[in-house]
Amino acid sequence: MNALKRFWNWLLGKTTIDEQVVEAYQDGKKKVKVITDEVKERVKAVKEELADVKEAIEEVIDQAEDVVGAAAGKKRPGRKPAAKKSAAAKDAPAKPAAKKRGRPKKK
C-alpha cells in the first residue's frame, strides 16, 4: 500500500498545475450542478406552498367579510329564506295521518 501511495504522489507531481486546475474546476462544476438542482427543487416546493397559502388567505378574507356583515346585521349569504307560515296556518289543527295503501293485514 505504501508503494502505491508513493507512486500516486510521484505521478501527481508529474502533472502540471494546469491539469490540477482543470480537475478542480470539473469537481467544482459538478458540485455547483448538484447544489443548483437542489435549490431549484426547493424553490418549486416553496412556490407550491405559497400558492396554498394564498388560497387559504383568500378564504380567510371571505370569511372575515362575512363576520363583518353579520355584525352589521346582514343575513348569511347563500342561505335559502325560511318558509313563512301564515297566522291561519299556525292556528289550524294538524292534518290527520294519511291512510296506508296496500293489502290489509290478516288477523
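Glu38 is partly exposed, at 37% relative accessibility; the class lies between buried (under 20% relative accessible area) and exposed (over 50%), with a 1.4 Å probe and protein chains only. The structure is a predicted model, in which local features need pLDDT of at least 70 and side-chain atom pairs count only at pLDDT 80 or more, while totals for chains, interfaces and linings use all residues. Residues are numbered from 1 along each chain as its sequence is written, and side-chain values use heavy atoms, with hydrogens and water left out.

The structure contains 2 salt bridges, each defined as a side-chain nitrogen of Lys or Arg within 4 Å of a carboxyl oxygen of Asp or Glu. Glu38 pairs with Arg42 at 2.7 Å, N to O. Arg42 is exposed, with a relative accessible area of 54%. Asp37 and Lys33 form a salt bridge at 3.6 Å, N to O. Asp37 and Lys33 are 4 residues apart, about one turn, in helix α2 (residues 17-71); helices are DSSP runs (H or I, at least four residues) numbered from the N terminus. Asp37 is partly exposed at 30% relative accessibility.

Helix α1 (residues 2-14) includes Phe7, which is partly exposed with a relative accessible area of 45%. Among the 13 residues of α1, the count of buried residues is 0. The end C-alpha atoms of α1 are 19 Å apart, in agreement with the 18 Å that its 13 residues should span at 1.5 Å a residue; the expected span is 1.5 Å times one less than the number of residues.

Methods:
Helices (H or I, at least four residues) and strands (E, at least two) are DSSP runs, numbered from the N terminus.
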